[in-house]
Amino acid sequence: MAEFAQYIINGLSQGGTYALIALGYTMVFGILQLINFAHGEVFMLGAFTGLYTSKYAGLAILGTFNRLLTGSAETASTGAAILTAIVIILVAMCVCAAVGFCVERLAYRPLRASPRINLLITAVGVSLFFQNAGQLLFGSDPKAFPDLFENLEPWTFGADENLIVINPLQVFVFITAITLMLILRHVIFHTRLGRAMRAVSFNHDLASLMGIPTNQIIAATFMMGSSLAGAAGVMVGMTYPKVEPLMGSLPGLKAFCAAVLGGIGNVTGAVLGSFILGLAEALLSGYGTPTYKDALAFTILILILLVKPSGLLGVNRTEKV
Amino acid sequence: MSKNEPILQFNDVSVYYGIIQAIHNMSFSVEKGQIVTLVGANGAGKSTTLRAISGLIKPKSGSIVFKGENITGLPAHEIVRKRLCQAPEGRGIFLNLTVEENMDLGAWAAPDKGAYQANMDKGYQLFPRLRERRNQLSGTLSGGEQQMLAIARALMGQPELLLLDEPSLGLAPQIIEKIFEIITDINKTGMTIVLVEQNALQALQVAHYGIVLETGKIKTHGPAGDLLRSDEIRKAYLGD
């Protein structure tokens with residue numbers, strides 16, 4: 001039983017990061033019918049932004065929060081670690097939003113009127129560009145992510161066979177992911193911007209007849225999706241804790257599978273699919289064999305495409321990508 | 001056309017889809033306060049004309065002048081701001097949004113934000129069914145209700161010129177009757193309307209002026225009453 005609970009906790013934490021990435025895929029698909037294969041690389045850039053921010057400013061930020069909370073810069077406190085992590089995540093989100101904006105403006109917008117396959121090929125190209133530019137810029141060897149939570153003991157429940165270990169970082173990742181998703185949900189369903197996003201995703205011409213500047217809304221969608229991927233990048237960097245320029249491709253593809261599982265274009269579906277994938281991976285690693293963990297996402301992708309191509313919450317559309 | 005300064009002028013406009021010419025050097029103008037109807041068969045260029053006016057497609061040559069200002073080539077979302085609103089073809093509403101959300105988007109470009117609630121109430125007054133269904137997804141409305149929503153939403157933009165694209169398309173006869181009544185009522189409040197219709201008989205009955213299009217050219221035009229009485233028109237378009 002304790003074993004099972006442990007796997008569930010691991011799965012939820014992992015599912016949260018997948019969800020943050022999958023949301024960007026699904027939002028961009030919803031609005032442009034484009035699978036933005038460069039999205040995994042935005043996640044990677046988020047991780048690097050987090051790494052360098054932690055490395056060069058992390059201690060200063062941590063010290064400031066420690067002083068504010070405990071009166072001394074040297075005294076470690078959980079609160080200060082969490083606040084520091086939040087600041088680093090926000091920095092990465094801003095940088096990734098800017099990256100998303102530039103990618104859309106420079107790579108995708110000039111091709112808006114061309115056949116969709118051109119966009120798709122461009123997306124693969126942008127992905128390769130970032131992978132290689134990353135290796136050139138950061139070096140291809142993995143870099144260690146500074147541990148902000150190093151002074152924090154894991155929480156344990158029960159003992160011996162019934163021991164459950166919860167890493168505070170896992171909880172932090174889960175709560176942050178859920179918070180970001182709730183904020184996104186609020187923006188999409190209860191703000192004017194979100195209403196415009198839904199209108200543009202329904203039909204560009206119709207939206208522009210309302211006076212909605214569709215280009216700005218598309219740019220905003222890219223920025224939002226990219227910032228979520230950036231947040232995921234930092235949190236994965238903190239958890240694993242190493243960062244390298246090719247780290248985006250596998251999580252990116254898995255999150256894409258999760259988005260398809262939930263029904264691509266559907267925001268709720270992306271979150272659902274991601275948690276299903278996260279939990280399935282954790283349970284497979286625990287009870288079965290961790291070797292095949294990475295194959296699971298693609299098995300699910302193939303199965304869902306055979307059984308229900310529109311995904312769990314998707315509506316049927318006869319469109320090809 | 002006579003005394004008044006036209007609110008819209010379409011000067012020698014040609015529109016292409018790729019290499020196919022949809023509109024050939026067409027010119028006409030619309031007087032303030034009138035209903036002008038564009039009638040003609042499928043593919044005559046009626047909807048393309050409206051798309052060009054709204055800025056959804058850029059003319060290759062010619063100019064479109066609205067309230068004395070050249071709006072040719074402006075993006076669609078800026079043209080709406082000048083109080084030129086369209087209720088698009090095929091009841092173009094956002095099926096994934098609720099009735100009220102659709103209405104709200106109609107007011108996106110409205111110049112007077114203070115009139116928002118008053119306009120919303122006016123729209124619901126015109127179409128009480130919409131008020132009952134304000135929180136329903138608009139995809140669940142009947143065809144007639146969707147058309148009503150498209151018109152009510154266009155009015156939310158506080159237009160001075162209202163473009164209606166085939167408002168009777170696919171609707172039952174009694175509903176069509178009702179829609180045309182409402183178009184007349186809206187016009188009586190002083191609204192200028194360009195009405196695109198395949199249903200030429202009914203359109204000419206409510207309009208002041210008629211323009212008959214055929215394969216992207218103006219075949220004939222004149223006061224709607226004259227067109228209704230013309231033998232040639234009756235034979236070709238009114239099914240006599």
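These legends go with several close-up views of a predicted model.

**View 1. Chain A as a whole, with its eleven helices and four strands.**
A compact globule of 321 residues would have a radius of gyration near 20 Å, and chain A comes out at 20 Å, so the two agree. Buried residues account for 50% of the 321 residues in this chain. Now think about contacts between residues at least 6 apart in the sequence of chain A: 76% of them link residues at least 24 apart.

**View 2. The place where chain A meets chain B.**
How many residues of chain A are in contact with chain B? Twelve are, and they meet 20 residues of chain B. Look for α6 (192–202) and α7 (204–209) of chain A, because each of these helices supplies at least two residues of the side that touches chain B. By type, that side of chain A splits into seven nonpolar, two polar and three charged residues.

**View 3. A hairpin in chain B, made by β1(B) and β2(B).**
Here β1 (residues 6–17) and β2 (residues 20–31) of chain B run antiparallel, joined by eight bridges. Find B:Y17 and you'll see B:I20 of β2(B) standing opposite. Two residues sit between the strands of this hairpin. In the turn, B:G18 has a positive phi of about 65°.

**View 4. Another partner for β1(B): strand β4 of chain B.**

**View 5. A:P251 and its surroundings in chain A.**
This proline belongs to helix α9 (residues 249–262) of chain A. Is A:P251 buried or exposed? A residue counts as buried when 20 or more other C-beta atoms lie within 10 Å of its own; A:P251 has 24 within that distance, so it is buried. Leaving aside residues up to four places away in sequence, A:P251 touches A:I21, A:G40, A:F43 and A:V236.

Key
Residues are numbered from 1 along each chain as its sequence is written. Chains are lettered from A and ligands numbered from 1 in the order in which they are written. This is a predicted model: local features need pLDDT of at least 70, side-chain atom pairs count only at pLDDT 80 or more; totals for chains, interfaces and linings use all residues. The radius of gyration is taken over C-alpha atoms; the globule rule is 2.2 Å times the number of residues to the power 0.38. A residue is buried if 20 or more other C-beta atoms lie within 10 Å of its own, exposed if 12 or fewer, and partly exposed in between; C-beta atoms are placed from the backbone. Two residues are in contact if their C-beta atoms, placed from the backbone, lie within 7 Å. Ala, Val, Leu, Ile, Met, Phe, Trp, Tyr, Cys and Pro count as nonpolar, Asp, Glu, Lys and Arg as charged, and the others, Gly among them, as polar. Two strands pair if DSSP finds at least two bridges between them.
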